[in-house]
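This report describes the fold, the sheets and selected helices of the structure shown below.

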2 protein chains.
Amino acid sequence: MQGTFQRVALALAATSLLAAPLAAQTGYEHADPLVGTGGEGHTFPGAVAPFGMVQLSPDTDTGCAIRECYGHAAGYRHGDPTIQGFSLTHFSGAGHSDLGDFLIAPVAGDTVPLEPGDPKKPGSGYRSRFTHADEVARPGYYAVTLQDQGVRAEMTAGTRVAVERYAFPAGKAAHLVLDLRSSLYNYPGKILWSSVRVRPDGTITGARETRGWAPARKLFFAIRPSAPLKTHAFVDTEGKVPYRGFQGPGRGDDGVAQLQGRAIVARLDFGMLDRPLELRVALSSVDEDAALANLASEAGDFDAVHARTTAAWKQALGAIEAQGSDTALRNFYSAFYHTLMAPSVFSDADGRYRGPDDQVHQAEGFTFHSTFSLWDTFRAEHPLLLLVQPEARNRDIIQSLIASQQESPFGILPVWQFQGRETWTMIGYHAVPVIADAYLKGLRGFDGKAALDAMVASATYGPYGGLDWYQKLGYVPIDKEPEAASKTVEYAYDDWTIARMARALGRYDLAATFDKRAANWRNSFDVKTGFLRARKSDGAYRTPFDPTAINYGSDYTEGNAWQYSWFVPQDQAGLFRLMGGDAAVVRKLDAMFDFDNSKLDYSHAEDIAGLIGQYIHGNEPSHHVAYLYSYAGQPWRTQERLKQIVDSQYKPTTDGLAGNDDLGQMSAWLVFTMLGFYPVAPGSNQYVLGRPFLERATLTLPNGKRFTVSAPGLSEANRYVGNVTLNGRKLDRQFVTHEELMRGGELRFAMQATPNRTVVPAAGRPYSMSR
Amino acid sequence: MQGTFQRVALALAATSLLAAPLAAQTGYEHADPLVGTGGEGHTFPGAVAPFGMVQLSPDTDTGCAIRECYGHAAGYRHGDPTIQGFSLTHFSGAGHSDLGDFLIAPVAGDTVPLEPGDPKKPGSGYRSRFTHADEVARPGYYAVTLQDQGVRAEMTAGTRVAVERYAFPAGKAAHLVLDLRSSLYNYPGKILWSSVRVRPDGTITGARETRGWAPARKLFFAIRPSAPLKTHAFVDTEGKVPYRGFQGPGRGDDGVAQLQGRAIVARLDFGMLDRPLELRVALSSVDEDAALANLASEAGDFDAVHARTTAAWKQALGAIEAQGSDTALRNFYSAFYHTLMAPSVFSDADGRYRGPDDQVHQAEGFTFHSTFSLWDTFRAEHPLLLLVQPEARNRDIIQSLIASQQESPFGILPVWQFQGRETWTMIGYHAVPVIADAYLKGLRGFDGKAALDAMVASATYGPYGGLDWYQKLGYVPIDKEPEAASKTVEYAYDDWTIARMARALGRYDLAATFDKRAANWRNSFDVKTGFLRARKSDGAYRTPFDPTAINYGSDYTEGNAWQYSWFVPQDQAGLFRLMGGDAAVVRKLDAMFDFDNSKLDYSHAEDIAGLIGQYIHGNEPSHHVAYLYSYAGQPWRTQERLKQIVDSQYKPTTDGLAGNDDLGQMSAWLVFTMLGFYPVAPGSNQYVLGRPFLERATLTLPNGKRFTVSAPGLSEANRYVGNVTLNGRKLDRQFVTHEELMRGGELRFAMQATPNRTVVPAAGRPYSMSR
């Protein structure tokens with residue numbers, strides 16, 4: 001073990017990552033990748049580096065055609081009894097899915113099944129039983145014992161290289177099954193094409209094109225085993241297809257150098273091994289040679305890669321040094337861990353990547369990132385990254401968005417993009433607030449004019465989501481476009497961020513245009529019922545109207561009038577006036593939180609989880625709503641609701657997430673909220689105060705300054721904020737600004753057991769357009 | 001019309017191609033692209049430049065799932081009543097098929113059908129009736145009137161750019177249907193994926209991946225119309241597929257910038273036009289940007305491209321200046337025309353191409369060519385190109401073969417490759433004699449050692465075509481591998497060319513090895529029956545044995561014992577001894593040619609056509625056989641048989657080819673034979689004398705020298721050669737050497753009405769290993 005330690009130390013020294021503060025150990029020790037792997041969190045337990053291109057993780061089940069698939073969006077479901085194998089790509093917390101590329105299962109002994117088999121019948125295939133007692137999951141490391149094979153499996157991952165390590169039982173031959181038919185959310189016809197090939201040096205390369213969530217996704221791989229390949233077989237299990245071509249050498253039997261088809265499985269044989277088999281693996285969207293180049297771009301064996309990635313996680317999680325109870329820290333750092341995966345690196349080591357137009361592009365001066373779950377992540381995930389990740393990472397993200405717009409056949413920014421592919425999932429053009437927020441918070445080093453052009457292009461592309469109608473009528477009409485009410489308010493918010501960005505760039509003409517559009521939310525707000533509602537193109541609100549109704553294709557997106565009626569981040573004061581003023585707003589907020597759902601049935605809506613009355617924490621439209629009491633002048637009510645939400649919706653356990661983590665948004669909400677503030681309106685440069693859930697937390701900001709939040713007196717009983725000071729001066733407002741954070745200093749929340757009911761005057765309330 | 005002429009003249013001047021000799025006009029005027037478009041010639045009538053990347057030609061029918069497909073291997077069948085549209089890729093004379101990429105049909109008026117419709121029901125779709133009276137087919141140019149649309153359609157093609165020109169009837173709106181579902185030899189599931197996109201400048205780009213003859217072929221296109229695109233619709237006609245993704249903007253309706261899917265059809269609308277619509281089109285195997293770059297690589301409108309290509313054809317066809325009857329010249333130049341298409345240019349203007357491993361490669365210092373129908377073309381097509389095409393073209397071909405081997409996942413040379421994709425069609429490793437023949441004939445400028453390595457790798461790759469067994473037993477055993485007899489003799493011949501090449505490179509060790517393998521044909525020749533026969537691994541010949549039996553999966557490849565027993569080009573003397581000597585050989589040859597087939601039924605064998613007894617001119621194994629009388633000392637019998645074959649198997653008409661042209665091999669046979677000599681054993685540097693069918697023909701050789709063949713006295717009656725002189729000296733042998741041709745000069749055949757029965761002594765007979 002000393003040898004291992006020395007190698008780790010050397011690797012650390014070599015990569016200059018020893019500079020990570022010792023305190024960083026706290027974050028690393030409290031981050032638990034297993035949080036959210038049960039329930040409907042949809043996180044994965046496997047190995048990934050911060051924002052890494054490869055997410056190497058076990059798949060307990062895969063195919064939608066075979067079994068229930070929603071619960072297997074990340075491949076692994078904590079309650080499952082078997083592991084099918086380990087694949088290289090996974091989403092963290094998505095509500096839909098895909099990926100699971102290039103599944104490998106180790107098999108020991110003389111019988112090598114090429115089918116996964118039935119989980120209920122041990123030995124019926126290559127899958128194996130496992131127990132959680134054998135599992136180890138740490139940031140960048142996962143290990144488990146495959147009981148039926150007697151194989152200890154370990155996973156680690158660097159930025160573009162992952163390493164699998166399999167210790168086979170003594171006296172049994174080592175085999176791998178590489179199943180190119182396996183994929184997450186699989187169904188017949190998803191695998192358009194695949195190929196596998198043995199190179200003369202024993203490296204296995206190949207490719208797959210799939211028609212899943214993304215329409216035609218190409219991914220290439222390279223796998224280099226530590227032991228020589230003795231024999232192998234490539235098998236096409238789809239014999240019945242009327243392929244009109246001819247036979248190549250050997251017809252896909254043993255020893256053939258390459259096989260292509262729609263249903264390929266490979267058996268790789270290594271014979272008896274006297275040490276664990278390690279597989280260095282890499283991916284590329286460009287081609288197999290690029291996957292090989294990526295493989296070469298990060299050197300080292302399992303231990304070396306593991307050491308580097310551990311150091312990288314300590315560094316990344318060390319950006320916030322928190323103090324608090326063990327449960328609080330485990331909640332906090334597990335969430336923080338889950339915010340540091342997406343958008344993930346997607347360009348190759350040489351800068352090339354396959355863009356939204358399916359063409360190969362060269363990223364010049366930046367690293368292309370993909371996996372943009374923007375409807376979720378514009379809210380808190382991206383604002384968080386601006387505080388805890390280096391400027392270079394945030395710049396990469398913005399440049400990736402701009403490049404994606406320039407390479408989009410539609411000329412618009414990503415909606416829900418992964419691996420460079422647009423999926424058209426969810427609504428809005430929420431890359432717009434991400435860019436505006438970054439720019440307005442001072443991030444530079446990208447082309448501001450090109451960014452604004454991309455934002456405007458996205459907001460004016462008529463064929464997308466009823467935008468032609470929106471621009472004509474000032475709202476999206478429900479008889480022309482589904483989910484019209486949600487689209488209208490989200491467009492209006494996005495438009496406001498364009499106006500802010502345009503003004504910052506001196507484009508006052510554009511600012512005026514989009515300021516006007518930012519008020520469009522009013523066109524969909526029905527003063528009579530007090531709810532946001534969908535209107536038809538003739539101007540009438542659609543009837544019948546039931547504010548609790550949730551249906552796909554309805555007036556709202558994954559929600560109803562209760563949740564969506566609060567979505568005017570740019571103009572809460574204007575909204576509140578229409579609702580009848582502060583007191584009426586507080587009553588309505590309470591009515592929502594305290595709603596009696598006993599007569600409702602939402603079992604048909606997968607994404608609706610984490611209900612507190614009609615507040616739905618498991619989905620994003622509610623995420624800012626608890627903070628709205630502060631806008632209405634009653635911050636103590638926000639403080640109460642935050643405690644209610646944190647206590648009921650987050651646990652540091654496998655079923656600890658109330659809903660899909662959504663590529664870090666659910667977790668980012670918790671990170672901000674536990675720090676004591678939240679970016680209700682990205683683009684405003686304000687963080688609205690809530691109440692801290694940590695005794696003390698210090699952010700090391702991208703500019704190197706340190707900003708501390710302290711909460712003297714914090715306890716279960718002391719749940720209210722008595723007063724707040726910023727650098728020792730009393731703060732008579734309910735927000736801090738980005739500039740204040742970036743200057744460094746200390747924000748001090750004096751906690752107490754009773755509410756401080758001093759109503760906050762309008763001047764102390766957060767940003768609102770119409771104030 | 002004067003204006004057009006002037007433009008042509010200017011274009012010619014600008015490209016310095018006016019240097020083409022005036023005599024070149026003869027070739028251009030007598031070459032008829034329609035020859036072979038009926039019957040089973042499988043040639044196409046459309047526009048192509050010499051060895052051009054784009055073959056723009058009408059498709060009268062396409063899908064194998066719908067209709068008889070063998071007759072539509074080149075898309076167009078002369079007897080069909082309708083044209084579906086015009087597509088960009090076609091094989092010339094293949095016996096299997098694929099391609100037909102990116103079919104466009106012009107539609108005039110207000111109704112634009114998106115389905116091709118039933119040929120029997122005019123107006124039921126976008127296809128249209130046509131008559132041959134309206135057709136014009138010239139090298140590099142094709143025109144026809146689409147009667148149902150009233151559209152005059154013209155096609156021309158440069159090396160990487162083709163131009164389509166459509167004159168729409170006055171007062172009717174101009175539309176194009178771009179049908180990405182259409183393909184030659186189409187069947188359900190062939191189109192793996194496709195996409196189409198309108199760029200901001202109105203250029204249409206897209207891609208298709210197909211699973212046809214080649215396993216996963218990717219091709220990208222760019223189409224730039226001369227008139228602005230007014231509106232468009234992209235439609236996915238495969239609504240029923242359980243695609244799990246989400247909807248993009250507009251769901252594939254009018255005006256959407258891009259659509260992807262498996263069944264895409266595009267409608268492009270140009271409104272009323274006051275001049276013909278021109279489409280500049282280009283392809284690439286790399287990506288859409290590369291297709292755009294290829295489009296930019298050749299400038300000019302329809303007339304400019306047409307002028308350049310006309311000049312290029314005059315130049316290429318001018319390499320042989322022939323004199324003779326009109327029928328003879330039409331036969332000769334139509335055949336010569338058909339030898340100048342494949343292998344065709346495949347790399348992009350910047351040198352990139354997608355190679356056999358599906359990866360993008362850069363051709364350094366050469367132009368990558370593909371479409372290698374090597375089982376056919378090693379015989380006469382490639383030897384012809386060494387005489388009539390510049391060294392650069394031949395070098396490109398050899399370098400493309402070597403690069404293909406280096407990029408092959410199997411490490412072997414192409415077998416039957418097109419668009420960089422291996423199809424594994426037919427047998428042998430006949431890239432080997434192509435390379436050896438070129439090298440031994442003095443072609444240099446490529447890496448001889450790499451070439452030899454590639455040849456040896458191909459001849460020793462065990463999993464291919466029973467090579468493991470062949471190397472073990474000295475023959476391919478029929479109980480282990482089908483078509484074993486054919487494989488044994490073809491491998492043995494290929495091996496002999498490796499030995500010759502190895503010796504030339506000083507690799508005497510390899511030469512000895514492969515000289516020994518070259519004698520392996522003996523292991524499959526049954527002296528008792530006098531036929532080549534398949535043996536089992538236990539050494540016994542397979543029974544029952546019927547020398548007239550032709551079956552797929554039998555002992556022979558597309559033939560029987562009658563044809564295959566003659567295939568020992570490297571050792572005819574050895575073969576003749578086993579057959580019982582010259583007299584027995586002549587008797588056997590006669591028995592073959594004069595065989596009574598009346599009791600046989602070969603209707604099940606598509607490729608068996610052009611029968612003269614058991615001599616089958618429509619397929620390649622017979623191609624050298626008429627010349628074997630000369631090897632047996634009776635050249636006058638060769639002269640008789642050649643006249644019999646030429647008269648019965650070739651006509652300058654649409655049904656003028658006795659069988660598939662096979663990428664020029666059937667035509668190359670005729671070109672050589674009409675010149676008076678034939679390369680029976682490529683690799684020997686000898687051309688075996690037959691008799692000329694032209695009064696006079698002068699080759700302008702790649703080294704600039706001129707070699708004339710004259711036939712004083714040639715007439716229908718004077719069908720025999722009295723004597724032959726080379727540069728005035730009487731030739732007392734039945735061959736001329738490559739070196740003699742390359743020195744320039746005159747080969748004079750004095751023709752007469754009676755045979756010169758002087759038996760040729762062994763010393764005057766062509767090359768044979770065992771003599």
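## Conventions

Two strands are taken to pair if DSSP finds at least two bridges between them. Strands (E, at least two residues) and helices (H or I, at least four) are DSSP runs, numbered from the N terminus. The model is predicted: local features need pLDDT of at least 70, side-chain atom pairs count only at pLDDT 80 or more, and totals for chains, interfaces and linings use all residues. Residues are numbered from 1 along each chain as its sequence is written, while chains are lettered from A and ligands numbered from 1 in the order in which they are written.

## A six-stranded open sheet

In chain A, six strands make up an open sheet with mixed pairing, in the order β19-β33-β34-β38-β35-β36. Because β19 (320-323) and β36 (729-730) of chain A each have a single partner strand, they stand at the edges, and one side of each is left without a neighbour in the sheet.

Within this sheet, β34 (residues 706-710) and β38 (residues 745-752) of chain A pair in the parallel sense through four bridges. A:T708 has A:E746 in β38(A) as its bridge partner.

## A three-stranded open sheet

Another open sheet of chain A has three strands, ordered β31-β32-β37, with antiparallel pairing. Its edge strands, β31 (677-678) and β37 (735-737) of chain A, each pair on one side only. β31(A) is joined to β32 (residues 686-689) of chain A by two bridges, and these strands run antiparallel. A:V688 in β32(A) stands opposite A:Y678.

Strand β9 (residues 151-157) of chain A has six of its seven residues buried, a residue being buried if 20 or more other C-beta atoms, placed from the backbone, lie within 10 Å of its own, exposed if 12 or fewer, and partly exposed in between. β9(A) pairs in the antiparallel sense with β8 (residues 141-146) of chain A over six bridges, and A:M155 in β9(A) stands opposite A:Y142. Four residues separate β8(A) and β9(A) in their hairpin, where A:G150 in the turn has a positive phi of about 70°.

β9(A) also forms a hairpin with β10(A), with three residues between them. β10 spans residues 161-167 of chain A and runs antiparallel to β9(A), with six bridges joining the two. A:Y166 in β10(A) is the bridge partner of A:A153.

The expected span of a helix is 1.5 Å times one less than its number of residues. Helix α8 (residues 391-407) of chain A has 17 residues and should span 24 Å, which agrees with the 24 Å between its end C-alpha atoms. As 12 of its 17 residues are buried, α8(A) is largely enclosed by the rest of the structure; among these buried residues are A:R393, A:D396 and A:L401. The elements covering them include α7 (381-388), α9 (431-440) and α10 (448-459) of chain A.

α4(B) is mostly covered, with 15 of its 16 residues buried.

## Overall fold of chain A

Chain A comprises 20 helices and 38 strands, and buried residues account for 62% of its 771 residues. Its C-alpha trace spans about 80 × 60 × 55 Å along the principal axes. Of the contacts between residues at least 6 apart in sequence, 70% join residues at least 24 apart; a contact requires C-beta atoms, placed from the backbone, within 7 Å.

Terms used: Contact = placed C-beta atoms within 7 Å.
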